[in-house]
Each structure stands twice: as structure tokens, then as C-alpha cells.
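Here is a friendly tour of a model, taken one feature at a time. Keep the 3D view open as you read.

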Amino acid sequence: MEIPYTVTARPDTGLYNAKVGIWLFLASEVMLFGGLFSGYIFLRIGADYPWPEGVLNNLLGFINTLVLIASSVTVVMAWASLKMRQWNRYVLYMSITLLCAATFMVIKAFEYTDKLTHYGLHFSDGSIVEGYIDTGADFVVLKDVTSVRFDTTKGAPNYVLRNVLEGEPVFLNKDGVEINLNRSYLRTLARGSERLGIAPAGSVELTLREPITIGSRASRLMNHSDEGMTFRDGTVVNGTLERDHVTMRVDRIDTRMAEDPTDNMALQYLGDTITERFRRHAQFHIDDFNERYADRGFDPMENAELLRTAYRLKLPAPDLDTVKRGRLGGSSGDDALADGKDKYPQIQVEREDVRFYSNFSPAYSTYYAIYFTLTGLHGLHVICGALVLGYFMVFGKKMYQRNPEHLANRVEVGGLFWHFVDLVWIFLFPVLYLM
Amino acid sequence: MAGTATTAAPDHADTHAGDHGHDHHEHHLPWWQKYLFSTDHKTIGIQYALASMVFLLVGFFLMMVMRWSIAYPDRALPEAMAWLVEFFLGDRWLEEGRVTSSLYNMFGAMHGTIMVFLGVVPLGFAAFGNFVMPLQIGAPDMAFPKLNMWSFWLFLIGGTIMMASFFLPTGAAQAGWTNYSPLATTLQFVDVHDVFMTGQTWWLIAMVFVISSSLLGSVNVITTIINLRARGMTWMRMPFFCWGMLVIAFLLLLAFPPLEVAAIMQLSDRLFGSSFFLPTGLVEGNQHLNISGGGNPLLYQHLFWFLGHPEVYVLLLPAFCIIAEIIPCYTRRPLWGYKSMVYAVLVLGFLSFIVWAHHMYLTGMGTRVATFFQITTVLISIPSVILLTCLMISLWGGSIRFTSAMLFAFAFLPMFGIGGLTGLPLAFSLIDLQLHDTYYVIGHFHYVVAPGILFGLFAGIYHWYPKITGRFMSERLGRWHFWPNLIFMNVLFLPMFWQGMAGFHRRWYDGGAYFSQTANKELFSGDHWISGIFKADGAALTMLDLNVLMSWGAWLLAIAQIPFIINIFWSIRHGKKCHSDNPWDATTLEWTTPTPPPHGNFLKEPVVYRSAYDYSVPGTTPAKDFLGQGEPPADATAATQPSPDQPAPAGH
């Protein structure tokens with residue numbers, strides 16, 4: 001027995017099966033994105049830090065909006081062409097739709113790359129600098145590593161093996177015999193071995209044939225000192241601490257969260273000239289505010305919008321003419337400017353002054369977390385929708401010849417999904433870019 | 001297929017005649033398409049049933065180990081249990097044979113997860129819904145058979161990932177079945193090589209699969225009910241079972257996505273280091289976590305319980321659906337208040353979306369919010385009570401046949417009643433603050449789920465087994481299954497109420513060592529005769545001694561399942577044969593198909609002439625006490641004919 005109403009509509013409901021199905025599916029999608037938008041509201045209302053505003057490129061977002069709306073139009077045209085049994089026009093309009101989808105994703109990729117290569121660093125006093133950190137410029141580097149102690153129940157000391165900068169990690173056991181640290185040996189270690197003198201489920205210390213150098217992000221470390229470091233899985237490595245600072249090229253200062261917005265670590269690192277410029281900038285905006293609302297009695301320190309303009313400064317600040325040394329000397333920000341090699345002042349931040357730093361990935365703040373989750377899921381929907389529509393275009397000819405109405409129905413259902421994806425973006429754009 | 005089947009309804013005599021060779025391509029399918037990757041809703045239903053029953057057994061075993069730890073915290077596990085644990089998980093989870101706290105936490109979390117997401121919901125909704133619902137509405141199959149197959153396989157992949165997580169170095173998830181952040185995020189997070197290869201992460205990934213599966217399943221069920229009802233199957237002629245399935249499918253469709261959001265966010269917190277659910281300044285192991293913070297743990301709870309509460313009704317309604325079919329059939333009486341039950345279940349479905357925060361009174365979300373949720377929670381008891389009352393009144397004046405199915409259905413009513421009524425006090429935040437996270441809550445929802453819902457599902461299996469296999473299940477084994485179940489379920493769950501009210505916390509793995517020093521109330525003094533039964537040394541019987549009683553209830557309950565398992569397999573070959581397609585003399589359409597129903601289900605296009613529960617209609621000719629939905633009226637007048645605008649399925 002055939003399943004009824006796959007192509008023709010059931011008279012009393014007026015719908016064919018797939019149309020009922022897609023509307024139900026979209027209802028569930030509404031709940032999915034509804035949950036995410038509720039999460040956005042929850043996080044924004046409850047944020048204990050200034051919610052980032054205007055950090056995305058509005059022009060790119062706007063172009064993407066137009067691109068998606070255009071594709072929503074062309075997908076309808078493709079469907080209409082099928083209804084009018086014009087195969088070539090269908091292929092044309094569907095191709096434009098797919099092209100739009102590709103354009104959207106490419107623009108999105110540029111936006112993502114921009115965010116993922118850009119860093120923010122929070123000093124321990126709350127002030128923030130933003131800018132660029134080159135690969136490895138933030139590593140804790142340990143040289144002359146000669147021994148590794150790790151927990152055998154957790155498998156291989158992966159953190160060590162993955163973070164070797166120099167040298168070949170060849171392990172020796174306590175009798176000085178070379179070890180092949182493969183799965184079966186690790187299993188032996190985990191089970192314990194009387195011959196090797198290892199208690200089951202204990203920790204084991206292996207020495208290295210020749211010293212190696214290890215460099216790791218601080219986020220993978222539990223702690224570190226001059227003599228070694230402990231990774232977060234408990235693996236202990238001995239060696240000599242060689243480097244322990246973060247080198248950063250700064251393109252923005254943000255001191256809103258600092259106890260004293262005009263005198264804090266960020267400014268001390270960047271040097272007197274930038275500090276002076278920053279203070280002038282802040283004072284200018286505060287004076288401007290006071291002047292404008294003189295008779296209203298507003299407290300400038302309670303106006304989030306003013307704080308956002310007054311205590312944030314984009315670098316390089318244009319009128320830097322004199323150059324002085326920063327707090328640390330050596331390679332402070334002003335020196336870099338003086339050399340003229342770098343567009344942005346470069347600072348070397350001691351680890352103890354850093355509270356937290358990350359690129360603008362989900363880890364940086366809940367804003368970026370929800371931004372990436374929302375746009376990532378939306379992008380996934382764009383890709384899936386494009387794949388389905390593309391399938392209808394490339395492999396649809398046979399069905400078109402057999403039963404054109406069936407293909408038209410499929411494209412209609414795919415188009416409904418495409419409209420939904422478009423609609424989600426219509427909400428995403430203002431929520432993430434403009435608000 | 002018959003082109004003009006408007007007058008000819010299938011009757012019992014000729015259904016077998018067409019049994020063979022009616023659908024030729026079915027016989028040419030290779031075995032793996034027929035049994036493994038089948039698109040036939042009945043096969044998929046059976047697949048769901050078998051898979052979920054295996055999961056139920058696993059979940060049950062975890063609970064037995066936990067009950068040992070509660071009853072005898074200082075004794076080594078019995079040989080058999082210890083062997084099983086060590087065989088599967090290795091020896092690091094036992095400490096001199098005793099259950100460690102992390103093993104207890106792991107089993108606790110996974111017991112809940114498996115029972116709810118992999119056991120009861122797939123059995124109740126997916127298995128019964130898949131097998132019975134299309135037959136009852138007279139459809140040849142689900143609206144999207146391939147999607148249906150995908151739904152099952154996604155479920156099985158999810159279930160497999162969940163099971164596989166036991167074997168990871170970290171073991172499976174340990175943060176409770178609710179998986180609350182921040183605990184669930186920071187557990188197995190800091191001290192591991194690879195956050196991806198942890199039980200907590202795999203729990204989330206498995207949930208994404210299970211959620212996707214239920215999404216496909218619910219789209220399928222709703223579309224089938226809306227679009228594939230047989231000619232004459234108007235909404236108010238639809239069996240209550242299908243109404244229930246429709247509501248469940250909507251609950252799954254709309255309530256599961258927020259949990260998917262929560263899972264995605266928690267996954268992002270674990271894998272990408274975001275802080276959706278992690279507040280600023282979170283400390284783990286005396287160290288500040290290297291995270292940005294700024295997130296909100298309450299958000300997780302809101303997202304979780306937005307699913308979690310509708311999920312309760314997803315668990316519950318299949319049992320109601322089954323029992324609403326069984327009671328009329330075995331009492332030979334129409335279902336009392338069919339219409340009010342339909343409206344009640346719709347209201348129930350709606351209200352279940354706005355009661356979720358009654359799980360969160362203790363979070364400090366504010367009295368005003370709590371007040372709103374107290375009101376809605378009390379409101380939702382009204383449709384629940386309507387459903388239960390209608391079922392009870394349906395018994396009135398019936399000539400009840402106490403088959404195994406009816407016994408379970410009968411016991412469901414008071415057992416679910418206890419579960420439901422003990423939930424009422426929890427609706428009020430004032431009382432909930434005292435009872436929250438105690439064994440009172442455990443007792444409450446286990447009364448709903450175990451002797452309530454599971455009894456309903458057992459009843460359904462006994463009821464529809466003849467349609468699936470052509471043979472009855474053994475009534476004798478059925479009774480051996482029923483009575484021990486009824487007794488030991490109560491032994492296991494009833495004392496929980498007293499313990500809970502005395503303040504016994506639900507997550508103590510050591511059987512309440514702390515409790516024994518502070519609040520261990522004496523139930524019977526040492527010289528009381530009841531103490532004499534349980535205690536040889538003349539010691540008083542205390543609140544903690546109930547642990548031992550309950551644990552023995554649990555283990556004997558496991559033994560009580562053996563007759564059922566034997567029954568299922570033994571009866572396939574040796575059960576009493578059915579000599580009719582309608583052995584129970586039931587009215588709904590699934591009993592008009594051949595046994596077992598072939599691919600495509602019906603030999604002739606089914607047509608529906610009357611309501612689903614026409615039992616004992618006076619003046620029926622020939623004299624019998626039921627009228628099938630598909631039996632044309634003896635005097636086919638215009639009034640009883642399906643109206644002309646009732647469409648026929650395409651292809652007819």
C-alpha cells in the first residue's frame with residue numbers, strides 16, 4: 001500500500017505530508033533559536049561586565065542581510081519556475097540562491113577570522129588591552145626538561161608530548177632503558193608492574209634521554225615556577241623557566257573595569273605618552289558630558305555610554321610625538337612606536353599581572369560565546385539548506401521528468417526552510433550587531 | 001488495493017485468506033532491510049521496544065548496585081555484582097570491594113539518564129507509538145518511513161555513545177541526570193588530558209543524538225496523525241491512544257530544543273572554554289578557573305527544566321494512552337468521558353510548558369516567580385485528575401476480565417494516584433524547601449514512573465503481544481510477574497516518603513552516615529515485636545534500617561522481572577495461539593489487520609463508521625458486545641456513513 005498524500009494535498013487539511021512535516025520542523029527550530037535568544041537575554045541582563053556594543057562590522061552584517069534576503073527571493077522564483085515547468089529558469093534561480101549562500105558564508109568566514117586573530121588581555125586590576133598576540137608569544141617556556149611525572153590511569157602525558165618546542169622526547173625508565181611509550185606500554189603502566197616497581201593506578205616518573213624544551217599556553221597549566229610546571233591533568237615537568245610573559249601589540253585600551261580608569265596597569269605598561277593622551281581623551285569626553293547636561297545633575301560615572309567613549313581609546317593615538325620608556329623598560333609600547341616598525345605599540349606583560357586573556361573566541365566573554373553559538377548554528381543551517389537545495393538542483397532532473405509537481409513540492413519545502421534561515425538572520429543582525 | 005472499499009469493511013474471516021503474497025516486494029527484501037534497516041513502522045516499533053528494554057535492564061542493574069551501597073555502606077559488594085562491575089569497568093571503581101563515591105555518582109547519574117531518555121520514553125512513546133498508532137488510525141505506514149528509520153538509528157547511536165562513556169578513562173557522567181552546571185562543566189574538566197574524551201562530554205553528545213532522534217520521531221507522528229487518518233476517522237472518533245501520542249509528540253517537538261540549546265552551550269563551555277553557565281570567580285580545587293566567567297548557572301536550570309517538565313508528561317502519557325485502550329476492552333464498557341479526556345490531555349499538554357520552575361524553588365529565583373509557578377503547578381493537577389478519574393469511572397459496572405494486562409492497568413490507577421498525590425505538596429514552595437532533594441521527592445516520582453508508568457507499559461505489552469506474534473503471553477507467568485511486582489515496588493518506594501520527610505538526602509552514597517549521627521529517628525523501640533523480626537540483637541529499629549528493607553525490595557523486584565523476560569521469549573514459540581485477528585474482541589482498527597500485520601498493514605482500505613469505544617452497545621446484531629470501528633452499520637443510512645468530504649487516501 002502506497003503512502004498517500006506524498007504529492008497531492010489531502011483535501012480536508014489542504015496539505016501534503018512534507019508540508020505538514022516542514023512546518024512542524026520549523027516550529028521546533030523556532031524553539032531552538034528561541035532558547036538561544038532567551039539565553040542571550042539572560043546573559044546580557046545578568047552580565048557583570050560591560051556588554052560589548054558595536055564590536056562587529058555593521059557593513060559586513062548589512063551586506064549579508066541583503067544577500068540572504070535576495071536569496072530568499074530567488075528561491076521563490078526557482079519554485080515558481082518549476083510550477084511553470086521552466087527547467088532552465090529553475091536552474092538559473094537556484095544557482096543564484098546557492099551563490100548567495102556561498103557569499104554569505106565567505107563574508108562570515110572573514111568576520112570569524114578577524115575575531116579569532118584578535119586578542120583581549122585583562123590585567124589583574126581590571127584594565128583591559130586589546131590587540132594581537134603572535135603564535136607562541138604567550139607561551140610559558142621551560143628548557144632543559146629532563147623528567148616527566150604523570151598519572152598512569154590517565155594515559156600518556158599528552159600535554160608534554162604535544163608541546164615540545166625543541167628536542168626529541170625519548171623516554172627512559174629508571175633502569176635507563178629506552179621506552180616506546182605506546183598504548184600497550186601505557187596499559188602495563190596503568191595496571192602496575194612489579195618488575196618496573198610501579199604500583200597499579202599510581203604515578204610514574206620517566207626521565208628523558210636528552211633535555212627538551214616545552215612551551216605551553218598558561219591555560220593548560222595548573223601552576224608553574226622557576227623549576228618546572230604542572231599541567232592541568234597533574235603531569236609534573238622539571239626544567240628551567242625561560243620565558244613567562246605575554247607579548248602583545250595593542251590596538252585598544254579599555255579601562256572601564258579598572259578601579260582607577262586613568263591610572264592602572266594597562267596605562268603603566270603603555271607608557272607616559274599614551275597615558276597622557278588617554279587622560280586628555282577621557283577628560284575631554286567627561287567635560288563635554290558635564291557641559292551638555294550641566295543643569296540636569298547627571299553623574300558622568302553612572303552613564304554607561306559615556307564610560308564607553310571616555311575610557312576606551314583606539315591606538316595608535318594620532319598625536320603621539322614624544323616617546324618615553326614604559327614601566328618595564330626594554331620593549332615597552334612607546335619604543336615600538338618610536339622604531340616605526342610596528343603599527344601598534346608592543347608591550348610585554350608579566351604573567352603575574354595577567355588575570356585572563358584570550359582571542360575573541362567563545363572563551364573571551366559570554367557575548368562572544370553567544371555570538372559564535374548563534375551565528376555558528378545559523379551558518380550550519382545555511383550550509384545544510386544550501387546542500388539540500390543544491391541536491392534538488394543537481395539531481396532533480398529525473399524527478400522533474402517523472403513528476404514535476406513532486407520536485408516543485410520538494411523545492412517549496414526546502415524554500416520554506418530557507419526563508420526560516422533568512423528570518424533567523426533578520427533577528428540576529430540587530431541583536432548582535434546593532435544593539 | 002481495492003478501489004471502492006466504501007462498503008466492505010474487513011471482517012475476521014477473510015483477513016487470513018489474503019495474508020500471503022499480498023505485498024510481493026516485501027518477500028524480496030534482504031534480511032538486513034527487513035529487520036535491521038527497516039522502514040516499516042511495526043519493525044521500527046519492535047526495534048525500539050527491544051532496545052529500550054535492554055536499556056531498562058541496564059538502568060535497573062545500576063540501581064541495584066547503588067542500593068547495596070545505601071543499605072550496607074561498609075560491606076563489599078556481593079560476588080556477582082562485584083564481578084559484573086569489575087568485568088565491565090575495571091577494578092578502580094571499587095575500594096576493597098566497596099562502592100566508591102564516584103562509582104555511586106556515576107551510577108546515579110546514568111541510572112536516571114538511561115531510565116528516562118533511553119528506557120521509558122523510547123518504550124512508551126517510540127515503541128508503542130510506532131507500532132500501534134498508524135494501525136489505529138488506519139494508515140499504511142508512518143508519513144515519512146525513512147525518517148522513521150533514521151529516528152531509530154539516531155536513538156541507537158546516542159544510546160551507544162551513552163553506554164560507551166562507561167569505558168572512558170574518566171568513566172561516565174557523574175553530575176546527576178540533570179547535569180547541572182557548574183558542577184557538570186567543571187567535573188572531568190580540569191584534571192584530564194582531553195576534555196573531549198570524558199563521560200560528561202559524551203553525555204552531552206549522546207543527548208544531542210537522542211534529541212535529534214525524538215525530533216524526527218515527533219514530526220513523523222504528528223504528520224501521520226494529521227494527514228494519514230483513514231476515511232471516516234474524524235478527530236473525535238480517534239482512539240484516545242492517538243490523541244495522547246499527538247500531545248506527546250508536540251511536547252517532544254517543542255520542549256526538547258531548549259535542552260539541545262543547553263547541551264550545545266555546556267558542550268561549548270567544556271570544549272571551547274566559554275562561560276555560559278560559569279559565574280565570575282569560580283573556584284575549582286582551590287584555584288580560580290582560567291575562564292572569563294560572567295555566565296549564569298540558573299540559565300542551565302531554566303533550559304533543562306523547560307524540557308524536564310514536559311518530559312514528565314512524555315513519560316506519563318503513554319501509560320495513560322495504553323490504559324485508556326485496555327480498560328474499555330477488558331471491562332466491555334465504553335471509555336467514560338472520552339471527550340473530557342481529550343480536552344484534558346490537550347490542556348495538560350499546554351500547561352506542562354509553564355510549570356517548569358517548580359523544580360527550582362530552592363534556587364532563589366524569587367518569590368514572585370515562585371508564586372506564578374505554584375499556581376500553574378496546582379492548575380495542572382486538574383487535567384491529570386480528570387484523566388485518572390475518567391479511567392476509574394470507566395470501571396464502574398463493567399464485567400471485568402482480569403487478564404495480566406488488566407491487572408497491571410488496574411494496579412496503575414492507585415499506584416499512579418499515590419505518585420500524583422504525593423506530588424501536590426511539592427507544588428508549594430514552602431513545603432518544597434523542606435522536601436527538596438530528599439527521598440520524599442525520589443519516592444514521589446518513582447511512584448509515578450515505576451509502579452505507575454511501567455505498569456502501564458507492561459499492560460500494553462501483554463495487550464498487543466498477540467497482534468505482534470500471533471500468540472498470547474502466558475497468563476500464569478503474567479501473574480507471577482504482576483503480584484511480586486506490586487508488592488516489591490511498594491516495599492521499595494513507600495518507605496522513601498518517611499525517610500524523605502525525616503530529611504534523608506537523595507545523593508548520600510554512604511547510606512546516610514551523617515544522618516545517623518543527627519536525625520536518625522527510632523521507629524520501633526528494641527523490645528517491640530517488629531524490631532524483633534528485623535533485629536536479632538534487640539536493637540531499636542531506626543529510620544536508617546528502612547534502607548535495608550528497601551534494598552531487599554529492589555533486589556527481589558529484579559527477580560520479579562524474570563517471569564516477564566521468560567514470558568516474552570517463551571511465548572513467541574510456545575504461547576497459546578490466537579485463533580482470531582481480534583483475540584480480545586477490541587474495537588479499534590489495529591485488530592482488523594492480519595496477524596502479524598503485513599507491510600502496508602491493511603488488506604482493504606479501512607473505513608471508520610463509529611467511535612473507538614463501542615462496547616456493549618444494546619441491540620447489536622449479530623448479538624455481541626462490541627462494534628469495531630470499521631464495521632459498517634447493519635442499516636447503512638446516510639447518517640452513519642462517512643461523510644463524502646472525508647477524503648480517501650491517494651492511490652485508491
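Pro182(B) sits in the loop that links α6 (145-164) and α7 (183-186) of chain B; helices here are DSSP runs of H or I with at least four residues, and strands are runs of E with at least two, numbered from the N terminus. The peptide bond leading from Ser181(B) into Pro182(B) is cis, with omega near 0 degrees. The loop between α6 and α7 of chain B also holds Asn179(B), a residue other than glycine whose phi is positive, near 55 degrees. Most residues other than glycine have a negative phi, and most peptide bonds are trans.

Is Asn179(B) buried or exposed? Asn179(B) counts as buried because it has 25 C-beta neighbours inside 10 Å. (Buried means 20 or more other C-beta atoms within 10 Å of the residue's own, exposed means 12 or fewer, and partly exposed lies in between; C-beta atoms are placed from the backbone.)

## How to read the model

This is a predicted model, where local features need pLDDT of at least 70 and side-chain atom pairs count only at pLDDT 80 or more, while totals for chains, interfaces and linings use all residues. Residues are numbered from 1 along each chain as its sequence is written, with chains lettered from A and ligands numbered from 1 in the order in which they are written.

## Further along chain B

Asp437(B), in the loop between α14 (429-435) and α15 (439-469) of chain B, is not a glycine, yet its phi is positive, about 60 degrees. Asp437(B) is partly exposed, because 13 other C-beta atoms lie within 10 Å. In the segment after α20 (562-574) of chain B you will find Pro596(B), joined to Thr595(B) by a cis peptide bond with omega of about -15 degrees.

## Where the chains meet

The contact involves 50 residues from chain B and 50 residues from chain A; two residues are in contact if their C-beta atoms, placed from the backbone, lie within 7 Å. On the chain B side, α8 (199-227), α9 (240-271) and α10 (297-331) each supply at least two residues. With nine residues, α9(B) gives the most to this side.

## A look at chain A

Chain A has twelve helices and 13 strands, and 38% of its 435 residues are buried. Along the principal axes, its C-alpha atoms fill a box of roughly 85 × 80 × 40 Å.
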